[in-house]
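Welcome! Please take a look at the structure below, and then read on for a short tour.

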Amino acid sequence: MTIHLEVAVAAPLFQSLTYSCRTDQEPPPVGVRILVPLGRQRVTGYVLGQQPEAKECGYTIRPYLRLLDDQPLFPANMVPFFRWLADYYHFPLGEVIKLALPGGLTLRSRKELALSPEGRASLDPDLLQQQPAADQPISARQQKNLAQLGEAERQLINDLLSKGSLSASASQGLLRSGAKGLIGSWQRQGLVTLEETLTPPAIKVKREWCLAPCHGPRPEKLKKSQSKTLTLLHELSQPGQQGQVPRRDLTKVYKGAGPAIKELASLGLLHLSERELFRDPFGERPPFFAKPETLTAEQEEVLARIKPAVAEGKFSPFLLHGVTGSGKTEVFLRAAETALAKGRSVLVLVPEIALASQIEGHFFSRFGDKIAILHSGMAAGARFDQWRRIARGEAPIVIGARSAIFAPLPDPGLIIVDEEHDPAYKQEDSLRYQARDLAVLRASQQGATAILASATPSVTSFHNAQQDKYKLLTMTKRVGAHPLPQVEIVDLKGVKTVSGRPPLFSPQLMAGLKENLAAGNQSLVFLNRRGFANLLLCADCGETIKCPHCAITLTLHKGKNRLLCHYCDHQAASKPICPSCRSPRIKEMGFGTERLEEELRTALPEARLARLDRDTATKRADFLAILKKMHKQEIDILVGTQMIAKGHHFPHVTLVGLVWADAGLSFPDFKAGERTFQLIAQVTGRAGRGDKAGRVLIQSYQPDHYAVQMARAHDFQGLYEREISLRQTLRYPPFARLINVKFSGLSEEATRACAEQCAAMARSWGQQKELEILGPAPAPIARLRERFRFQLLLKGWHLPSLQALAHHLRHQPPPAVRQDKVRMTLDVDPDTML
Ligand code: ADP
Ligand code: ZN
Ligand code: ZN
């Protein structure tokens, strides 16, 4: 009986396909990759399961070609998870899985020309050396084409005819040359084929040689280098590692060990073996944290509800609303202990681990090498190693950023989402998923406990708690009873402008910084924008300097001496001339963290300053170095972006300044108020976490805005009530659901026309009463990476009918989308309209 496999292929197909196993082939387990034929190509496929024999599929079922993995990359219980994602986000199933797996695994295919069996039989290898004989299948036109070819092309054709195939690069050369027409007609005659070949993926399992001493007496007569090597080996081998010592470790301390190792192995005095090596994901180890002796009363209360749920092993979603510094991390650690004790695994999501996080240090201190780390800042090889460890069940705790939601844990019993409100949980390209939502989904599919935690929960999650969809847990007190800091607002409208531009530092903030410095305390200065100046204006005609590829102004980065586009990474010389009047007189307007640092250096020359943003901390090591200096109080004032706001515990920081608190309020976005509140609260939470009281200064142009006012009063409840009634009136989430249909293309006209067609289709679609269709309109960033952008917003009160419309548009898109002239993407539950 033939075994049939259900396979999702890494191609834009919405359904899975069926392949068979030949009798000599092993049926592959769920979660491994196999190579399969798809049309004339060969592609990667992911095994989803075995299928009943009789299933009618409307095409000839072909056998798979070969296995690509020695172990599954995901457990069978993730198949329903992937199916749900494909369905909900309207994304091809195979591509969902491809994106979920660590990058660099997919075989790259290249095209090679080869003679078909017919071609071999009928085309004379010496075709070009003589007049074609009468029996050759060569038309007059082809002969003419042949006669016109240059020497290089003749040579390539000769190679093809004599060897039967060409390398990928030679094939490309020929297909681009004057011989293109000839090859094309041979292809149509079935004499020549263009085949996909596969080059191996960039990432492989890494192995290293290990040594172990053999038992038994040491012979008397040994060379000096041999006995020295043996002695070292005995010293280095630890009982915990079954006596295994990496060869590298030995040769590092003793150069002469290399030859001696070989000799000793052949004498049977040591044992050589190869083992899989894990590339160290930590780079630099995070700091150590001791386990506290006792829990706070609130931690006890909260754990009294979480632990039984974890132990019971049923789906159980919690929202943990705990003020900054209330000790949420300790709650996670204890809940994790319970899950491990039940033999289940733990997944911890944090907003941006690309560099590092304090949580990682806490977990590492408590659980050591049970931990696997997954984040985008890791080298692909290291990520792959971690992935394999997790899939084999060797790392029962996974800590990672957004994409770690796909970690192949065999049996997660606890899924934690820290700072659950953070926008970083939303993936903003290709598969636009929300990892926090997926965490709850995965927990529900696995019978796991989910803990969403934040000091400032998202309006949606808090609403879910109010509706009893999540169980609400509250922690209101900071550990050690440090009070929340005092927050003062500085109205920037009332601050005098200096030389025509508003100051970055109001007199109040500058005085605060000076005072704090004099008192020997640390300060944080926060602005969510990097670079020196983000607006360059021509002094003569007022034109702005824009990215040539995007409708976005370039930002001056003085340190790098470059102008950068923050959207497409375009770089330009730092001394531009006006594109419209050619004037070299360019004014540097707008500001970023780099300018803050420079102004502070001038104003407070005695202060020890540091800056933390994506420019100063490109590597994890840079980031950890700055954090360490901050902890050791070798920095007086730390200037930075979001990066300094997230999750750090700096006990000696007593002043926090927000340079422009309401920057986000100018965006056309229903979440602007919520975001602004969260940001202020988060930054505020960095102050006064030690023994000294904290003070926060917020500079704002809209000091009366409710988001700013409620953040000042630490009033989450007030913010929530205000937002939820606004959303209800304006019909926004969580009351309505949104899908943003985005169009982009190289032609502005074609893209607009396509968006309009799509809008017309949506409006004429059946179930109108539950839906509202807004637009199309140009996107807020109207051009990005050369492409013009439009969007159409679908709003619905009934999710299934909204999803049905999206499904309809995805499967019957306007012709320009089918012809690949316009790209259409669906953003389900969009987080921003940009
Ligand atoms: P949150 O994540 O809620 O903002 P943290 O988990 O960072 O707060 O905790 C704040 C500080 O309190 C940390 O330094 C942590 O080590 C400490 N802490 C937490 N729980 C306890 C406890 N039970 N006893 C003593 N210190 C604690
Ligand atoms: Zn000009
Ligand atoms: Zn750009």
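## Before we start

This is a predicted model, in which local features need pLDDT of at least 70 and side-chain atom pairs count only at pLDDT 80 or more, while totals for chains, interfaces and linings use all residues. Residues are numbered from 1 along each chain as its sequence is written, chains are lettered from A and ligands numbered from 1 in the order in which they are written, and side-chain values use heavy atoms, with hydrogens and water left out.

Let us begin with a metal site. For orientation, the ideal angle for four tetrahedral donors is 109.5 degrees.

Helices (H or I, at least four residues) and strands (E, at least two) are DSSP runs, numbered from the N terminus. Cys538 and Cys578 are both buried, where buried means under 20% relative accessible area, exposed over 50%, and partly exposed in between (1.4 Å probe, protein chains only).

## The zinc ion (ligand 3)

The zinc ion (ligand 3) is held by Cys547 (SG), Cys550 (SG), Cys565 (SG) and Cys568 (SG), at 2.2 to 2.4 Å. This site is tetrahedral, with angles of 104 to 115 degrees among its four donor atoms.

What spacing do the donors of the zinc ion (ligand 3) follow along the chain? The pattern is C-x2-C-x14-C-x2-C. Cys550 sits in the loop between β20 and β21 (555-557), and Cys568 in the loop between β22 (562-564) and β23, so the pair ties together parts that are 18 residues apart in sequence. Cys550 and Cys568 are both buried.

## The second largest pocket

On a 1 Å grid over the protein atoms alone, a cavity is a set of points where a 1.4 Å probe fits but cannot get out, and a pocket is an open set with protein on both sides within 12 Å along at least five of seven lines; lining residues have an atom within 4 Å of a point. Grid points are joined across faces, edges and corners, and a volume is the space filled by probe spheres set on the points.

The second largest pocket holds about 720 Å³ of space. It is lined by 30 residues, of which Asp437, Thr460, Asn464, Arg737 and Asp829 are the closest to its centre. At least two lining residues come from each of α1 (79-88), α15 (435-446), α16 (459-466) and β29 (737-745), and α15 gives the most, with six. By class, the lining has 14 nonpolar, eight polar and eight charged residues (Ala, Val, Leu, Ile, Met, Phe, Trp, Tyr, Cys and Pro count as nonpolar, Asp, Glu, Lys and Arg as charged, and the others, Gly among them, as polar).

## The largest cavity

How many cavities of 30 Å³ or more does a search of the whole structure find? There is one. The largest cavity has about 60 Å³ of space, and the residues lining it include His421, Arg436, Lys671, Glu674 and Asp831. Helix α20 (residues 672-684) gives the most to this lining, with three residues. The lining divides into one nonpolar, four polar and six charged residues.

## Backbone details

Two cis peptide bonds are worth a look. One joins Pro733 and Pro734, with omega about 10 degrees, and Pro734 is in the loop between α22 (716-730) and β29. Another runs from Gly775 to Pro776, with omega near 10 degrees; Pro776 is in strand β30 (residues 771-784).

Asp829, seen above near the centre of the second largest pocket's lining list, has a positive phi near 55 degrees although it is a residue other than glycine. Asp829 is in the segment after β32 (822-828) and counts as buried because its relative accessibility is 18%.

Definitions and conventions:
Donors = N, O, S within 2.8 Å, 3.2 Å for Na, K, Ca; no water. Tetrahedral: all angles 85-135°; square planar, octahedral: opposite > 155°, others 65-115°.
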